[in-house]
Amino acid sequence: MPGYLRNLKPWPPSHNLVVNGLRATWIIVVLWYEVCTFDHVLHDCQWPDIHQPDAPNTRIARVLVVADPQIADHRSYPNRNFLMKALGQFIIDLNLRRSWHSTINRMQPHAVVFLGDLMDNGRATMSNSEYNAYAARFFDIFNLRNLSIPTFFLPGNHDLGLGDEFSFSLEAATRYTSHFGPLNHKTTIGNHTVLFINAIGLVEEDVARADRGYSYDNWPAVAGGSVEFVKRFSGHEHTSPIVLFTHIPLARPFDANCGPLRERGTIRQGHGLGYQNTLSNEASQFLLRSLGPSLIFSGDDHDYCEYSHPLPFPSASGSTAAREITVKSFSMAMGIHRPGFQLLSLISRVPVMETLTQLPNSPPSLLDTPCFLPDQLGIYLNIYLPFILLSVLSLLAFNAHRTLAGGKTHTHRQPGVSPRPKHSERSPSRTNNDYELYQRSLGQSVSEDSDEDPMLLLPVTKPAGPTYSSKFRGRSSSSWVFYLPGRRRRISLSLPYSKANRRVHEVGLLRGFFSDMVGVAWPPLLAFCIAAWCTTHV
């Protein structure tokens, strides 16, 4: 075996190897999970029209559907202290920025729809300046001021408030419309009629209608409300397919299956303070009968769900059932592992003469598919946290081993102290020289005529200082040296370690440990900050 291989010591590793190894590993982990994982997860996310055959007279409008971002504020987690609130808000905002930046850059939609619950506490009582700053944060996270594509908003129960609650602001609806647009509205995208229904107002009006014993046919609709909007729209004939957007899902049977993409449970009717899981059966049938939608998108539930509602008559696309897709929340803080969004492709056909009139394409003219984002909370809990514990234990074990090894070395050979020679190695001349030096230090000459009694003990010298022995661990020793004729004598006394000595060893371990912790932590933290800035700005 070559000589240099025999000199290699696989254990314990050197200090530089341990620290630099942890640094490099942490940087790789941070760059992967903070930058690359978003592109990796979205790599297979494609628009549903990508497999459609190309036709020169076909036009495709691509719509990105986002549900329940619920931008958090200081009211979102009332049981947390200020530091935990600020940290939670920072992490959630950063995740939303990364998710949005990756999604919008990769998908490049023609239009964007937000399905409500834009802000977690948009309904709360607050000053106008605070609400303006809150809304500005929403637009800044999603960079909507700089987007040149149409963006449509729908109100949710966290935006307006549902029911009578003293903590809900009476100005919530006015503030919402001033920043995000009307509560009920319609538009045309890709020759498809798109309806945005204020489901919060519909629920409140539905409760008032039921309490008074009216049916929807004879109910005097509230001016400017959701019922009036639906009745006015249904009073005209519409030939293009209708896509309905509502924040609250429509009613369905109690045991309705949501499909394999749902993480857990199903959607069931129920209500509580400020929320209602689904519309009532009467309100749901009112929408299906009056609008005959070809496709329905809803939010509020935070998890994915797909269900088909039977229609009383065929829709404009010829279907006898309306598929409803409950879109996953876009936020990591909504109780699901994988946030997500929905892609909608609206396909229409233009006549050969390239006139301005577009005709609906033959079915299927509406295609949609879900896409899922990384499990950010799982990354923090299952990747970062175990790796932090592993790094701490590794550095602690290494520094403990280094401290113990250093103590043993100090025990056997103290710097600046030569080992005691054996008696057999001491020459008579060396002994005489020592004695002669001592006599000269007293101002006496060394001769045979000296009056000094050679049998008297020499004065005790200054203690040589404490020395440490591995034989008596946890103890120290003090020694005194004196001379007898022809011999040098030493007396050693073993004493327990003092508190000061014990403290020196403890500080050495802790100081080395914390120094290594800082040395390992700052490069990946710097990489985290750079990655956070790049993924949200580049």
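The legends below walk through several close-up views of one predicted protein model.

Residues are numbered from 1 along each chain as its sequence is written, and side-chain values use heavy atoms, with hydrogens and water left out. Because this is a predicted model, local features need pLDDT of at least 70 and side-chain atom pairs count only at pLDDT 80 or more, while totals for chains, interfaces and linings use all residues.

**View 1. The whole protein, to get your bearings.** The protein has twelve helices and 17 strands; helices (H or I, at least four residues) and strands (E, at least two) are DSSP runs, numbered from the N terminus. Of its 538 residues, 42% count as buried, where buried means under 20% relative accessible area, exposed over 50%, and partly exposed in between (1.4 Å probe, protein chains only).

**View 2. Inside the largest nonpolar core.** A nonpolar core is a set of buried Ala, Val, Leu, Ile, Met, Phe, Trp, Tyr and Cys residues joined through side-chain atoms within 4.5 Å. Of the 61 residues in the largest one, W100, F114, F138, F180 and F341 touch the most other members. Helix α4 (residues 128-141) gives this core its largest share, six residues. Follow F180: leaving out residues up to four places away in sequence, F180 touches L118, M119, Y131, A135, F138, F139 and F153, a contact being heavy atoms within 4.5 Å. A second, separate core of 22 residues includes A67, F152, F245 and Y304.

View 3. The structure holds 14 salt bridges, each a side-chain nitrogen of Lys or Arg within 4 Å of a carboxyl oxygen of Asp or Glu. Here E34 and R98 meet at 2.1 Å, N to O. E34 belongs to helix α2 (residues 15-41) and R98 to helix α3, so this pair links parts of the chain 64 residues apart. Both E34 and R98 are buried.

**View 4. R75 and its charged partners.** The closest N and O atoms of R75 and E130 are 2.8 Å apart in their salt bridge. R75 lies in the loop between β1 (58-66) and α3, and E130 in helix α4, so the pair ties together parts 55 residues apart in sequence. R75 is partly exposed at 25% relative accessibility, and E130 is partly exposed at 29%.

**View 5. A bridge between two loops.** K328 forms a salt bridge with E263, with the closest N and O atoms 2.7 Å apart. K328 sits between β11 (321-326) and β12 (340-349), while E263 sits between β6 (242-246) and β7 (271-272), so parts 65 residues apart in sequence are tied together. K328 is buried, at 4% relative accessible area, whereas E263 is partly exposed, at 26%.

**View 6. A nonpolar patch on the surface.** L377, L381, L385 and L389 form this patch, with about 360 Å² of accessible area together. Patch residues have over 30% relative accessible area and no salt bridge; like charges are joined within 9 Å, and nonpolar side chains (Val, Leu, Ile, Met, Phe, Trp, Tyr) within 5 Å. L381 is in helix α10 (residues 376-412) and is partly exposed, at 48%.

Technical notes
Accessible areas come from the Shrake-Rupley method with a 1.4 Å probe; for residues, only the protein chains shown count as cover.
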